[in-house]
Amino acid sequence: MIRPMRQSDITEMHGIALRSLDENYLPEIFYEFYAMWSSGQIVSCDFLGKPIGFICCTKLMDGGCRIMLFAVDAQWRGRGKGSELLDAVKRVAVMERIRYITLEVRAENIKAQAFYRRHGFIELDRMRSYYNDGGDAVRMDLFLS
C-alpha cells in the first residue's frame with residue numbers, strides 16, 4: 001500500500017533510513033520535509049500498515065522538485081516497492097504542475113542509476129566530493145510533460 005506520510009510514521013522511516021542509507025540522518029529531518037511539502041512525503045506499507053519504504057521530496061523555486069531521501073527496507077527490495085514510490089511521486093508532481101524531478105545518487109551506485117534510468121531519468125552532472133565521506137554524486141533529472 002502506498003499512501004501519504006503521517007507524522008506517526010517518522011520513527012519507522014528513520015529506522016529504515018539508518019538501516020538503508022549510508023549517511024546518518026536525524027529524525028527531525030522528516031518533520032522538516034513534511035512541513036515544507038507534505039504531499040511530497042510518501043510511504044510504502046506492509047499489509048499491517050507499517051512503513052517498509054519511503055520517499056521524501058522538496059519543491060524547488062524554479063518549478064521542480066528534488067528527491068531528498070528514498071529507501072526501501074532490505075527485505076522488501078526487489079518487489080517493486082521503489083517503483084511504486086517513485087510512480088507516486090511522479091503523479092503528485094504532475095498534479096501539482098511540477099516540471100521536473102531531480103536527485104543525486106552515489107557515482108559508484110550503478111544499480112540505483114540503472115533503476116532511475118528505467119524510470120526515465122537522465123544523467124546531467126557529476127559532482128566531486130558531494131557526500132560527507134568525500135564520495136562523488138551523479139545528478140539525474142526526469143523531465144515531466
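1. Start with D73 and R19: their side chains meet in a salt bridge, 2.8 Å from N to O. (A salt bridge here is a side-chain nitrogen of Lys or Arg within 4 Å of a carboxyl oxygen of Asp or Glu.) D73 sits in the loop between β4 and α3, while R19 is in helix α1, so the bridge ties together parts that are 54 residues apart in sequence. D73 counts as buried at 8% relative accessibility, whereas R19 counts as exposed at 54%. Buried means under 20% relative accessible area, exposed over 50%, and partly exposed in between (1.4 Å probe, protein chains only). Helices (H or I, at least four residues) and strands (E, at least two) are DSSP runs, numbered from the N terminus.

2. A word on the model before going on. It is a predicted one, where local features need pLDDT of at least 70 and side-chain atom pairs count only at pLDDT 80 or more, though totals for chains, interfaces and linings use all residues. Residues are numbered from 1 along each chain as its sequence is written, and side-chain values use heavy atoms, leaving out hydrogens and water.

3. Now look at R106. Its side chain meets that of D22 in a salt bridge of 2.5 Å, N to O. D22 is in the loop between α1 and α2 and R106 in strand β5, so this pair ties together parts that are 84 residues apart in sequence. R106 is buried at 9%, but D22 is exposed at 52%. R106 also lies over the face of Y131, 4.1 Å from the ring centre. (That takes CZ of Arg or NZ of Lys within 6 Å of the ring centre and within 35 degrees of the ring normal.)

4. What about the aromatic rings? Phe, Tyr and Trp (its six-membered ring) pair if their centres lie within 6.5 Å; planes under 30 degrees apart are stacked, over 60 edge-to-face, and the rest tilted. The count comes to seven aromatic pairs. In one of them, F70 and F115 have ring centres 6.1 Å apart and planes at 55 degrees, so the pair is tilted. F70 belongs to strand β4 and F115 to helix α4, 45 residues apart. F70 is buried at 15%, and F115 is buried at 15% too.

5. Finally, T58: buried or exposed? T58 is buried, with a relative accessible area of 9%, and its place is in strand β3. Leaving aside residues up to four places away in sequence, T58 touches several residues, including F33, W37 and M68. Contact means heavy atoms within 4.5 Å.
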